Amino acid sequence: MREPTPKEVMAELEQIKGSRAFVKSDMGMAILDYLVRKKLEGAPMGDFKEISIGCHVYGSDYDPKASPKVRTAVGRLRASLDAYYQNEGGAHQVQIGISTEY
């Protein structure tokens, strides 16, 4: 199986954004968008840490010790992606997922 092109990945991200499953998930989509774009840029692993995600999505004063927002949102996002690909996105050639290491 070949690796999808960045254009194909971004097209899939847009499909997800427009889906019924993600229509009310602003923070989840902000996190997914951040992770996908950073991955496509070849960002270092440090950009995928909770603090980096939190600062990008919730603001520079995000403190992972004081708030589980990112952990909670990423957990929900994983579950939503799984459900999306079991239903309306199941036939898509490109599928986006979030590793447990995020």
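I am working from a predicted model, in which local features need pLDDT of at least 70, side-chain atom pairs count only at pLDDT 80 or more, and totals for chains, interfaces and linings use all residues. Residues are numbered from 1 along each chain as its sequence is written, and side-chain values use heavy atoms, without hydrogens and water.

**Helix pair.** I looked up helix 1 (residues 6–17) and helix 2 (residues 26–41), whose axes come within 11 Å and cross at roughly 180 degrees. Axes are lines fitted to C-alpha atoms, for helices over the stretch in contact, and angles run from 0 to 180 degrees between N-to-C directions. Helices are DSSP runs (H or I, at least four residues), numbered from the N terminus. The two helices are therefore roughly antiparallel (over 145 degrees). Helix 1 makes the contact (heavy atoms within 4.5 Å) through residues including Val-9 and Leu-13, and helix 2 through residues including Leu-32 and Val-36.

**Arginine.** I found Arg-76 in helix 4 (residues 69–86). Arg-76 is exposed, at 59% relative accessible area. Buried means under 20%, exposed over 50%, and partly exposed in between (1.4 Å probe, protein chains only).

**Rings.** I noted 3 aromatic pairs. Rings of Phe, Tyr and Trp (its six-membered ring) pair if their centres lie within 6.5 Å; planes under 30 degrees apart are stacked, over 60 edge-to-face, the rest tilted. Tyr-58 and Tyr-62 are stacked, with 5.7 Å between centres and 25 degrees between planes. Tyr-58 is partly exposed at 24%, while Tyr-62 is buried at 7%. Tyr-84 and Tyr-85 have centres 4.9 Å apart and planes at 70 degrees, so this pair is edge-to-face. Both Tyr-84 and Tyr-85 are buried. Ring pairs join Phe-22, Tyr-84 and Tyr-85 into a cluster.

Note on methods:
Parallel < 35°, antiparallel > 145°, perpendicular 65-115°, else oblique.
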